[in-house]
Amino acid sequence: MQKLKAAVALICLIVMITPQTAFAYSYGDPNKEELAEAYNTIAAKIEREPADWDGAYALLTEFKGEIALHFGDDVEQELERDFQAKNRDLALNNYQGLLVLNLLRRFTSAEQSIDDYAQAKLLLAKARGTFRVLSPLLAAKSSPETIEKLDAAFDKTILALGNPGLFGVGKKEKNPDELKKQIDIILGEITPHFAFLIDGKPISFQKYAGSHHVPEGAASATVGNNKESRVNPWVSVSVIGGVLVLMALGLWLAKKNRLF
């Protein structure tokens, strides 16, 4: 009986010392960008007859704080005016422009986070999530071949991050120049086809995405009413691996002492 109690105590100790962050996960799909996904719902609401402007505006409201935070009050207020005026063409045009701004934000942050493989990879996944929403709109303005070209460029951005490997195994060096090259290719194809208009005049995407940039290194960032987890998966892998080793050791000791 004493041996059984010791084994139970060992298992409980292992569970208690395991950091909760080892089992944390991102809220929602890390390959999706909620701000971008909202475009499809908003477009569906205001393109129908009769248009559901109340529903579209309610969804926009969820992101107003995020839009003002990252791109400035003037961008947020212009969208507010577009929706309040029920100007379908301008509302859709400017929300598409907003997605380009968001793409720039994610790319800028990924470049700045290149030394943090997991973080940079997450940011590129968010950028690609935005691109997936823009893809059909871009295809209508350019060609399917352009989309294929940009998909390949996104694949190369991931490769440019290198790979820290697991305990050094499979390690590949990062390539910041290649990352920048592929980002420039993507933005060079996308930005000429979209615009964000304030008082009827197109803004500079780079200026607005850069001047209101907010670093992505915080523990969590509010997106609408959701939160994105910033847990480093490599830390989780290491911790879980250590837990498995401890559990194996506990089982071996229990078997050695003939507890079962």
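Student: At what angle do the axes of H4 and H5 cross?

Tutor: Two packed helices are described by the angle between their axes and the distance between the axes. The axes of H4 and H5 come within 6 Å and cross at roughly 140 degrees. Axes here are lines fitted to C-alpha atoms, for helices over the stretch in contact, and angles run from 0 to 180 degrees between N-to-C directions. This is a predicted model, in which local features need pLDDT of at least 70, side-chain atom pairs count only at pLDDT 80 or more, and totals for chains, interfaces and linings use all residues. Residues are numbered from 1 along each chain as its sequence is written, and side-chain values use heavy atoms, leaving out hydrogens and water.

Student: Are H4 and H5 parallel or oblique to each other?

Tutor: Angles under 35 degrees count as roughly parallel, over 145 as roughly antiparallel, 65 to 115 as roughly perpendicular and the rest as oblique. H4 and H5 are therefore oblique.

Student: Which residues in H4 meet residues in H5?

Tutor: A contact means heavy atoms within 4.5 Å. On the H4 side the residues are Lys-64, Ile-67, Ala-68 and Phe-71, and they meet Asp-73, Asp-74, Val-75, Glu-76, Leu-79 and Glu-80 in H5.

Student: How do I read H8 and H9, and at what angle do their axes cross?

Tutor: The axes of H8 (residues 144–160) and H9 (residues 176–190) cross at roughly 155 degrees and come within 8 Å. That makes H8 roughly antiparallel to H9. Their crossing is left-handed, a label used if the near helix is turned anticlockwise from the far one by less than a right angle, with right-handed for clockwise. Residues of H8 in this contact include Leu-150, Ala-153 and Phe-154, and those of H9 include Leu-179, Ile-183 and Ile-186.

Student: Which residues of H2 are buried?

Tutor: Buried means under 20% relative accessible area, exposed over 50%, and partly exposed in between (1.4 Å probe, protein chains only). In H2 the buried residues are Leu-35, Ala-36, Ala-38, Tyr-39, Ile-42, Ala-43 and Ile-46. They pack against H3, H4 (64–71), H5, H6 and H7 (117–141).

Student: How far does H2 reach from its first C-alpha to its last?

Tutor: The expected span of a helix is 1.5 Å times one less than its number of residues. H2 has 14 residues and reaches 20 Å, close to the 20 Å expected.

Student: Where is Pro-50 found, and which residue does a cis peptide bond join to Pro-50?

Tutor: Pro-50 is in the loop between H2 (34–47) and H3 (53–61). The cis bond joins Glu-49 and Pro-50, with omega about -5 degrees.

Student: What is the phi of Lys-86, and what is that of Asp-199?

Tutor: Lys-86 is not a glycine, yet has a positive phi of about 55 degrees. Lys-86 sits in the loop between H5 (73–84) and H6 (88–112) and is exposed, with a relative accessible area of 53%. Asp-199, also a residue other than glycine, has a positive phi near 55 degrees. Asp-199 lies in the loop between S1 (197–198) and S2 (201–202) and is exposed, at 64% relative accessible area.

Student: How many helices and strands does the protein chain have?

Tutor: Helices (H or I, at least four residues) and strands (E, at least two) are DSSP runs, numbered from the N terminus. The protein chain has 11 helices and four strands. Buried residues make up 40% of its 260 residues.
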